[in-house]
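The following exercises are to be worked with the sequence and the structure in view. Each task is followed by a solution in steps.

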Amino acid sequence: MDGLKLLLLRSTVSAGGAMGHLPEAAPAPLAMPAQDLSQGRLAPPPATAPADMGLRRLFVFGSAAGLGAIGSFIMFDALKWHGFQPLEALFLVLFSFLFTWMAFAFVSYCVGLWALACERDDLDLYSRGPLPDLACRTAVLVPVCNEDPVGVARRIDIMRQSLIATQRAAHFDIFVLSDTRDLGASALERAVLQALPAAGPEVHYRRRPENIDRKSGNVADWVRKHGAAFDHMVVLDADSLMSGDTLVRLAGAMERHAGVGLIQTIPRLIGQSSLFARCEQFAARLYGPAAAAGMAWWSGAESNFWGHNAIIRTRAFAEAAGLPHLDGPAPFGGLIMSHDFVEAALLRRAGWAVHMAPRLDGSYEECPPTVLDMLARDRRWCQGNLQHAAVVPTKGLHWINRFHLVRGILNYLIAPIWCAMMITGALMASTRATIDDCDALVMAAMFAVTIGFLVGPRLVACAVALRDEWLDRAYGGRWGAGISIAAEMTMSTLMTPLIMVSHTLMVLSVVLGFKSGWKTQNRAAYALSLGHAARRFLPHMALGGLLFAAMAWMSPEVRPLVAITALSLLASAPLAVVTAMETPDELRTVFRTPEEYAVRLPPAPRPLLMQSLKRLVPAAVKKRLKALQQS
C-alpha cells in the first residue's frame with residue numbers, strides 16, 4: 001500500500017517554492033485521418049492474444065446460452081397448460097431475454113472470481129515487483145471544460161509528486177487540454193497551474209480556440225499538433241488520478257509489447273462524502289474487481305476502452321482511430337458521443353491489441369454525488385450508446401468488439417424491456433385464470449434463481465475479500481463490513497426501479513429525437529431540496545401510485561414484488577434527498593473502503609495555494625477566484 005499512501009498524501013504547493021511557467025510544447029504534427037466505417041478488413045490476431053481465447057469464449061457464451069435455454073424452457077412449461085395467449089407469449093420472450101442476459105453476467109462474474117483467485121493476467125501487469133526502466137516518452141493528457149481549476153491542479157500535483165518518487169519523471173509530460181470558453185475562467189486555469197512547482201514532469205496548458213467535437217476532438221487536436229513527440233499518451237478525465245507507480249508500469253508494458261495499442265486500467269472510486277456516492281464507491285470497490293477480471297478474461301486482446309485512465313500508443317491511435325461523423329442529424333447522427341468503444345474497435349481492426357489490466361492498482365476517479373447527477377450523466381451515455389447502432393455494421397470489426405457495442409446499447413434497452421415485462425406480468429396477474437394455470441412453485445423458484453444470479457456472486461466476492469486480514473480491517477471488520485453490505489444491497493434494491501424507469505424515459509427521449517447536451521458534471525456533494533427532487537421524479541411517483549392502485553386486481557402471489565417496486569417509485573424524491581446528504585462522522589464506518597482505511601484524504605490545501613496565486617492572478621480575475629474559493 002506504499003504507492004497508495006503516497007498518492008493520497010496532501011499535495012504541497014508552497015508560497016515560497018519555485019513557480020512553474022507552463023512552457024509551450026514544441027510542435028510535433030502527426031496525421032490522424034478519419035476512418036471509413038464502410039470499408040475495412042480485420043487484421044490477424046495480435047501476438048498478445050491468449051492462445052486459449054476460443055475455449056474461454058465458448059465456455060462463457062455457451063454457459064450463458066445453456067442457462068438461458070433452461071430457464072426459458074422451465075417458464076414455458078409453467079405457462080403452457082391451457083395454450084399460449086399473446087400475453088403469455090410476450091411475457092416468455094421478455095423473460096427469456098432478461099434471464100439469459102443475467103445468466104451471462106453471472107457466468108462472467110464467476111470466471112472473474114476464478115481469474116482473481118488464480119492471479120492470472122494476460123500481460124503480466126501487476127502492482128508488485130520492481131519498476132521497469134523506461135526509454136520512451138509518455139504524455140499525460142487531462143482534458144478539462146469549465147472544471148474547478150484548484151481541484152484539477154491538486155490532482156496534477158499529486159501525480160507529479162508520485163512520478164518524482166519513481167525517479168522516472170523525466171519520461172513524462174503533463175498536458176492540460178482546456179475547452180473552457182470563458183476567458184476569465186481560462187485565465188484562472190492558467191494562473192492556478194502556474195502555481196505548481198516547476199520540479200518534476202513539465203506541465204503544459206493549451207486552450208483550443210474552438211470547442212470542436214468535445215473531448216474526442218480535444219484529444220485528436222493534441223495528437224495532430226504534438227503526437228509525434230510522444231510514444232504513448234495516458235488519457236484522463238478531469239476527476240481522474242493515477243499513481244506514478246501505475247503510470248510507469250503502464251508505460252513499461254507498452255514498451256515490452258510492441259503490438260499493444262491500448263491498455264485500460266480499472267479505476268477505483270475515491271474521495272466521496274455523500275451517502276449515495278459512498279455507497280457506489282463501496283460497491284465498486286468490493287464487487288468491481290471480479291466483474292472487471294471476468295470481462296478481461298473473455299475479451300482478451302479485443303477488450304474495451306472507457307475513455308479515460310488508459311494508456312494508448314500514439315501512432316496507432318492516429319493511424320487507426322480517427323472518428324468520422326455519422327450520417328444524419330443528432331441524436332443518432334453527427335458526432336460520435338461515446339467515442340471510446342468505437343476507438344477500441346478501430347484499433348483492433350487495424351491489428352492493435354486492446355487489453356484490460358484488472359490486477360493493476362493505482363487508478364482512481366470520482367463519481368457523481370447524487371442520483372440526479374448520475375442520471376444526468378447516464379442520459380448522455382444513453383444517447384451515445386444508442387448511437388452505436390449505426391456503428392455496429394462497420395466493416396472489418398471483430399465480433400467481440402461488435403458485442404461490446406451491442407452490450408452498451410442493451411445496457412439502456414434493458415430498462416424498457418424490464419418495464420415491459422413488469423407490465424405484462426401485472427396484466428397476467430390481474431387475470432385470475434392465468435395465475436391459476438401457472439405452477440406457482442416453479443414461478444417462485446425462477447424468481448429465486450434470478451435473485452441468485454444477482455446476489456450470489458456478490459456474496460462470494462464478499463467472502464473472498466474478507467478472508468484477507470488486512471481487507472477485513474479495511475472494510476470495517478466482520479460486523480462493519482456486514483452492515484455495509486446489507487445497507488448497500490438495501491439501497492440498490494430501492495434504487496433499481498427508480499433507475500430502470502429513468503433509463504426507460506431516457507431511451508424514449510432519444511428515440512423521439514431529443515438531444516442530451518453536455519454540461520459540466522457536478523463533482524462535489526451538495527444539499528438537494530425535496531421540491532427539486534419531487535419535480536424531477538414526478539413521473540416515477542405517479543407510476544408508483546398507479547402500481548399501488550393496480551394491486552387490488554392482482555393475485556396475492558405477485559403483490560409483494562409489485563409492492564416493493566411501487567414503494568421504491570413513490571419514495572423516489574425523499575430517497576434522492578436523503579442519499580445526497582453528507583455522511584456524518586459517526587457513520588463513516590459504513591461504506592468504508594480500503595482507500596479510506598489506508599489514509600484519510602485531507603481537505604484540499606487551498607489557503608497555501610491561494611497565497612501563491614495572489615502574485616499571479618490578474619485583478620480582473622480575483623473576483624472569480626474568491627467565488628471559487630468560497631464554493
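**Exercise 1.** Are H16 and H19 roughly parallel or roughly perpendicular to each other?

*Solution.* The structure is a predicted model, in which local features need pLDDT of at least 70, side-chain atom pairs count only at pLDDT 80 or more, and totals for chains, interfaces and linings use all residues. Residues are numbered from 1 along each chain as its sequence is written, and side-chain values use heavy atoms, with hydrogens and water left out.

Step 1. Helices (H or I, at least four residues) and strands (E, at least two) are DSSP runs, numbered from the N terminus. The two elements in question are helix H16 (477–511) and helix H19 (559–570).

Step 2. Their axes come within 8 Å and cross at roughly 75 degrees. Axes are lines fitted to C-alpha atoms, for helices over the stretch in contact, and angles run from 0 to 180 degrees between N-to-C directions.

Step 3. Angles under 35 degrees count as roughly parallel, over 145 as roughly antiparallel, 65 to 115 as roughly perpendicular and the rest as oblique. H16 and H19 are therefore roughly perpendicular to each other.

**Exercise 2.** Determine which residues of H16 and H19 meet, and classify them.

*Solution.* Step 1. Contact means heavy atoms within 4.5 Å. From H16, Thr493, Leu494, Met495, Pro497, Leu498 and Val501 take part; from H19, their counterparts are Ile564, Thr565, Ser568 and Leu569.

Step 1. Ala, Val, Leu, Ile, Met, Phe, Trp, Tyr, Cys and Pro count as nonpolar, Asp, Glu, Lys and Arg as charged, and the others, Gly among them, as polar.

**Exercise 3.** Describe how helix H20 is covered.

*Solution.* Step 1. H20 spans residues 572–579, and six of its eight residues are buried (under 20% relative accessible area; exposed is over 50%, partly exposed in between; 1.4 Å probe, protein chains only).

Step 1. The buried residues are Ser572, Ala573, Leu575, Ala576, Val577 and Thr579.

Step 2. Among the elements that cover them are helix H8 (275–299), helix H11 (371–387), H16 and H19.

**Exercise 4.** Which residues have the most contacts inside the largest nonpolar core?

*Solution.* Step 1. A nonpolar core is a set of buried Ala, Val, Leu, Ile, Met, Phe, Trp, Tyr and Cys residues joined through side-chain atoms within 4.5 Å. The largest has 53 residues, and Leu286, Tyr287 and Val371 have the most contacts inside it.

Step 1. The helices that each supply at least two of its residues include H8, H11, H16 and H20. H16 gives the largest share, nine residues.

Step 2. Leaving aside neighbours within four places in sequence, Val371 is in contact with Phe276, Met495, Leu498, Phe537 and Ala576.

**Exercise 5.** Is glutamine 167 buried or exposed, and is asparagine 309 buried or exposed?

*Solution.* Step 1. Glutamine 167 lies in the loop between helix H4 (149–166) and strand E2 (172–178); its phi is near 65 degrees, a positive value in a residue other than glycine. Its relative accessibility is 73%, so glutamine 167 counts as exposed.

Step 1. Asparagine 309 is in the loop between H8 and strand E8 (310–313). Asparagine 309 also has a positive phi, about 55 degrees, although it is not a glycine. Its relative accessibility is 0%, so asparagine 309 counts as buried.
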